[in-house]
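These notebook entries set down what I looked up, in the order in which I looked it up.

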Amino acid sequence: MHYALKESLVKFKIKAAIDISEKANETYKFNNSNINVINGNIDGLKVKDYQDVNAILMSPPCQPFTRNNKTEQRDLNDHRTDAFVTICKLIKNNEFRNLSYILMENVVGFEKSNMRDIFINALKENDFFFQEFIISPHQLNIPNTRHRYYCIARKISNFKFVQDEILTTIPGFNIDSQQKLPVSHYINPSISLDDFKLSTAILEKRFNVLDICTCDSFNSMCFTKSYSKYLEGTGSVYYSKTRAELNEKIKEIEQNNMDIKLKEALNLRFFSPDEAAHLMCFPDNFKFPENISKTTAYKLIGNSICVKVVSELIKILYHE
């Protein structure tokens, strides 16, 4: 959110950055040493200390609104929504007396939740004008697919959108102004293959479910917090040559009964945490602290946002 604010060129001063994750806060503080970082739950916030804030940018926990093979979407029955419910009550009751701008991000599925209804009702009861979106970075020529729900809201009455519809494009965005670059543009050529190469065990068991990006690919799969731990649906892996060359190699592998040596010769590797961050439009100067493990870094990136998408929405939010 901080980098999106910077990219939007909106003038801002951050009152506080708040997260319950110590590792997220440590990484944030490492990159923004002069910011007041609070480690804890929003429920513990002393609102009287923040009544002067005029904007809240937030990304509440998404787990209550996701569904997989093991769990149903729990929505309000998941206590991880508690802090968000608290924020909605504060908005509804005008506890943040100067609050004029809100941006909220979450997973696709949130738009069908009861929590969404509480949030939207809180906006309406405090006279916010709002617009909901479902947007993916690839729509902005960023080579990464990451569909997410967004809502922007403000008090100013000339906020002219169709509040009863969820928009799937960003109004006024000129895609021709955003250069379309292949995945290789985001690759660090000095990365050690040994540090990120897929193991023989992975290649033997999971080769057929891999989403493989090549140097000339113009898209990659959404990175999740389980990237590198699980292989299916958690993000793409990288092959340093072209799609045509990969297709020839895969054809050869299939003709040779899925020979493991031929698979290993592809030198497939995971994207590094820094590369994944860059595909999500974090700036080049963003770094993880040295004591943050690769596993933790992937979790943080998997729970993060696409900076470019949010910066474009901030421009709309603050447009006069």
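Entry 1. I looked up the pair Lys23 and Glu26 and found that their side chains meet in a salt bridge, at 3.9 Å from N to O. I noted the term: a salt bridge is a side-chain nitrogen of Lys or Arg within 4 Å of a carboxyl oxygen of Asp or Glu. As background, I recorded that side chains of opposite charge can pair when their charged atoms come close.

Entry 2. I recorded that this is a predicted model, in which local features need pLDDT of at least 70 and side-chain atom pairs count only at pLDDT 80 or more, while totals for chains, interfaces and linings use all residues. Residues are numbered from 1 along each chain as its sequence is written, and side-chain values use heavy atoms, with hydrogens and water left out.

Entry 3. I located Lys23 and Glu26 in helix α2 (residues 22-31), 3 residues apart, about one turn of the helix. Helices (H or I, at least four residues) and strands (E, at least two) are DSSP runs, numbered from the N terminus. Lys23 is partly exposed at 37% relative accessible area, and Glu26 is also partly exposed, at 28%. For these words I noted that buried means under 20% relative accessible area, exposed over 50%, and partly exposed in between (1.4 Å probe, protein chains only).

Entry 4. I turned to Lys92 and Glu125, whose side chains form a salt bridge at 3.9 Å, N to O. This pair links distant parts of the chain, with Lys92 in helix α3 (residues 82-92) and Glu125 in helix α4 (residues 114-125), 33 residues apart. Lys92 counts as partly exposed, at 41% relative accessibility.

Entry 5. I examined helix α11 (residues 307-317), where Lys315 and Glu312 lie 3 residues apart, about one turn of the helix. Their side chains meet in a salt bridge of 3.0 Å, N to O. Lys315 is partly exposed at 35%, whereas Glu312 is buried at 9%. Salt bridges that share partners join Glu7, Lys308, Glu312 and Lys315 into one network. I also noted that the structure holds 13 salt bridges.

Entry 6. Is Thr234 buried or exposed? I found that Thr234 is buried, with a relative accessible area of 5%. Thr234 sits in the loop between β8 (212-213) and β9 (237-238). Leaving aside residues up to four places away in sequence, Thr234 touches several residues, including Met221, Phe223 and Tyr227; contact means heavy atoms within 4.5 Å.
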